[in-house]
Amino acid sequence: SACDPNNKRLRQIKDQILADSRYNPRILFQLLLDTAQFEFILKEMFKQMLSEKQTKWENYKKEGSERMTELADVFSGVKPLTRVEKNENLQAWFREISKQIMSLNYDDSTAAGRKTVQLIQALEEVQEFHQLETNLQVCQFLADTRKFLHQMIRTINIKEEVLITMQIVGDLSYAWQLIDSFTSIMQESIRVSPSMVTKLRATFLKLASALDLPLLRINQANSPDLLSVSQYYSGELVSYVRKVLQIIPESMFTSLLKIIKLQTHDIIEVPTRLDKDKLRDYAQLGPRYEVAKLTHAISIFTEGILMMKTTLVGIIKVDPKQLLEDGIRKELVKRVALALHRGLIFNPRAKPSELMPRLKEMAATMDGFHRSFEYIQDYVNIYGLKIWQEEVSRIINYNVEQECNNFLRTKIQDWQSIYQSTHIPIPKFTPVDESVTFIGRLCREILRITDPKVTCYIDQMNTWYDVKTHQEVTNSRLFSEIQDTLGTFGLNGLDRLLCFMIVKELQNFLSMFQKNILRDRTVQDTLKALMNAVSPLKGIIANSNKVYSAAIAKTQKIWTAYLDSIMKVGQMQILRRQITNELNYSCRFDSKHLAAALENLNKAILADIEAHYQNPSLPYPKEDNTLLYEITAYLEAAGIHNPLNKIYITTKRLPYFPTVNFLFLISQFPKLQYNRNLGVVCKRPADQIDWLPLVLGLLTLLKQFHSRYTEQFLALIGQFIRSTMEQCTSQKIPEMPADVVGSLMFLEDYIRYTKLPRKVVEAHVPSFIFDEFRTVL
């Protein structure tokens, strides 16, 4: 501020001066504008005169010399001129004068100036001495030559020092801080009259004089810091220019919001076929006139900023078109980010969930923004769709990055982020719950309503049902709605966030495995005894029920935490599969050529890699080749990948790992039963087990370890099925036990989701058991 606001005496003096001088900031600002404009025009004129100085001087010299030569010819008697007698003396004198004029040297301005004055005097004297006044044509020639010589004197006196003096007189560096107090007045003036920007241009250029003082001494000292200091001060000034002119995009968006409202709620879409008598209803002249009026206002604002022309502020060139585009981007980012923040807040206690209604509202809002932005792009002369896609993708990717920071040890700061920008910043909002951004809130709300403890997922229907009420909770339409609201970027960002959550869950699982299993002596002894009892895995265990029941009974306490972890991972994998399906569908629908190109390239690269492993002499992407990394990003965005095949974490060898997973699986079978319509479901709702999250969770967990663990796990299940069947046969029990049905269902689902051939499990379970099991079902 201009003075210390805490100093009472200073404040009183300031108020007194303002009162006595009848200070009016608007009048002062108008004076500043007019002065700046006057100085700007004057400087431009003077610069033009300086640039044309030598050319004009040479032209005047040539014209004057030619006039003298013509007069010499007149007095030679050769060139007829009315009543002019031949005069050899005058002829010789005029020729000499012509030579004298031509001999004037532009580089020696002082001598040329003196000589020109003498020539003017000589021409005045010759007119008097020789009574040449009587001949008007001769007088005219002499007057013209004197005029040209006068112009030469004036032109030679145009010096750069005058420009420097003007610069010193017009210096505004003292107002570097004060000018900010006029920002609101500037913005109000622009809002009322957009053409005001042309006058402001001169003011901004006048402000650039603030750069001269800091740079003067640096330049005199030949310091290498000249460029960096210039860059800094010019950058500060350009930031201020942006701040003042931001009122134009703000005013445009105020009008745009009215257009959005009219186009979304008031104006009805005209159908392709229309009855003549209904034409008046669809015409809607009132709302359409309002839209036209608002559009005209927007185009006037655009015209105002484009009148500013390209300006050099310090050492930075300011392009008004770029300035307008940046301003529009900034305002768009601010408004869209705020809409997403406010629109995607959910109440976890709401019954039913607010998720779908909120997404529908948000989709309508985003569609309104999009359509109106597309509508005004021609009036503002910008690439609306390009700006829309770039900025919305930046907002979503930035928010995903901020949300994923929760899962990283080394956080990505704003200045490191490739999505954040200085000129067009993405606003940050205070978190309303455990999530940092709207994308986190959306993800956690989806996880909450599809929680396997309270819902049952039916894969054939792609639908989640409430376990108690059997009502539909949500279905695959949810992801189409997210696609409509946040686009491909939103779905892709959600997928990325789920990846981080899966990684976190798997890391928690490993630490739980270390704590509850590897450090528990009782569990270790039980596992060791079981391994001794089941070896070799190809054999059949006598009295198998007793062996397995004893092992399950001794490890019962560890399965609750184990089940929670596995089901969470499985639930997130189901969501990832749904997102992949939606991305793949929309990619094939909206961009079939891209989808086909990506699929073919992916197959070709995989074929080359497989060929390399069969014959190492064949080529393989080198370590510094980014092809595989880059193509993965494209494939994930187009939904051409299988989340179940992904390696999420690096793991070490864990003793008894396959045995623990096998024991966990068979310990859950007593709680499950087969239903002809729904597949495997809970016997009692209180058990809280959902079959598919369980299968996919186990499958994902095994995928993180060496394939031999999976082999051993499948061998244990095979042995369990064979041993139980053998025992049933010996005891003459005709029905297939529920545990065997569950195991066979698990193996069927395993090969279905991993897309492995059936022979993988037939190595452990004879094919006739599979055939008989299906017949029984």
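A cavity is taken here as a set of grid points where a 1.4 Å probe fits but cannot get out. In this predicted model, the count comes to one cavity of 30 Å³ or more, and about 30 Å³ of space lies in the largest cavity. Its lining is made up of Leu506, Phe509, Ser565, Ile566, Val569, Gly697 and Leu701. Helix 18, helix 21 and helix 25 (691–703) are the elements that give two or more residues to this lining. Helix 21 supplies the largest share of the lining of the largest cavity, namely three residues.

The largest pocket has a volume of about 1600 Å³. Of the 49 residues that line this pocket, Thr488, Phe489, Asn492, Leu583 and Ala637 are the closest to its centre. Two or more lining residues come from each of helix 15 (355–380), helix 16 (384–404), helix 18, helix 21 (559–590) and helix 23 (627–637). Helix 18 gives the most to the lining of the largest pocket, with 16 residues.

When residues up to four places away in sequence are not counted, Ile482 touches Leu359, Leu442, Ile446, Gly487, Leu491 and Leu494. As a general background, nonpolar side chains tend to be buried together in soluble globular proteins.

An open sheet of three strands has the order 3-4-5, and the pairing is antiparallel. At the edges of the sheet are strand 3 (455–458) and strand 5 (472–475), each of which pairs on one side only. On average, and with direction ignored, neighbouring strands of the sheet are turned by 25° against each other. Strand 4, covering residues 463–466, is joined to strand 5 by three bridges, and these two strands run antiparallel. For Trp464, the bridge partner in strand 5 is Thr474.

In the loop between strand 3 and strand 4 lies Asn462, which has a positive phi of about 55° although it is not a glycine. The place of Lys755 is the loop between helix 27 (738–754) and helix 28 (759–762). With a relative accessible area of 65%, Lys755 is exposed, since the exposed class begins over 50%. A further backbone detail is the cis peptide bond that joins Ser535 and Pro536, with omega at about -10°. Pro536 is found in the loop between helix 19 (521–534) and helix 20 (544–554).

Two helix residues complete the picture. Ser65 is found in helix 2, which covers residues 25–75. Ser65 counts as buried because its relative accessibility is 5%, and the cut-off for buried is under 20%. Leaving aside residues up to four places away in sequence, Ser65 touches Ser98, Ile101 and Met102. Glu236 belongs to helix 10, residues 226–245. With a relative accessible area of 38%, Glu236 is partly exposed. From C-alpha to C-alpha, Glu236 and Ile558 are 62 Å apart in space, and in sequence they are 322 residues apart.

Notes
Residues numbered from 1 in each chain as written. Predicted model: local features only at pLDDT ≥ 70, side-chain atom pairs only at ≥ 80, totals over all residues. Heavy atoms only, no water. Pairing = 2+ DSSP bridges. Helix = DSSP H or I, 4+ residues; strand = E, 2+ residues; numbered from the N terminus. Axes fitted to C-alpha atoms, helices over the stretch in contact; angles between N-to-C directions. Contact = heavy atoms within 4.5 Å. 1 Å grid on protein atoms, 1.4 Å probe; cavity = no way out; pocket = protein on both sides within 12 Å on 5 of 7 lines; lining within 4 Å. Points joined across faces, edges and corners; volume = space filled by probe spheres on them. Buried < 20%, exposed > 50% of the residue type's maximum accessible area, 1.4 Å probe, protein only.
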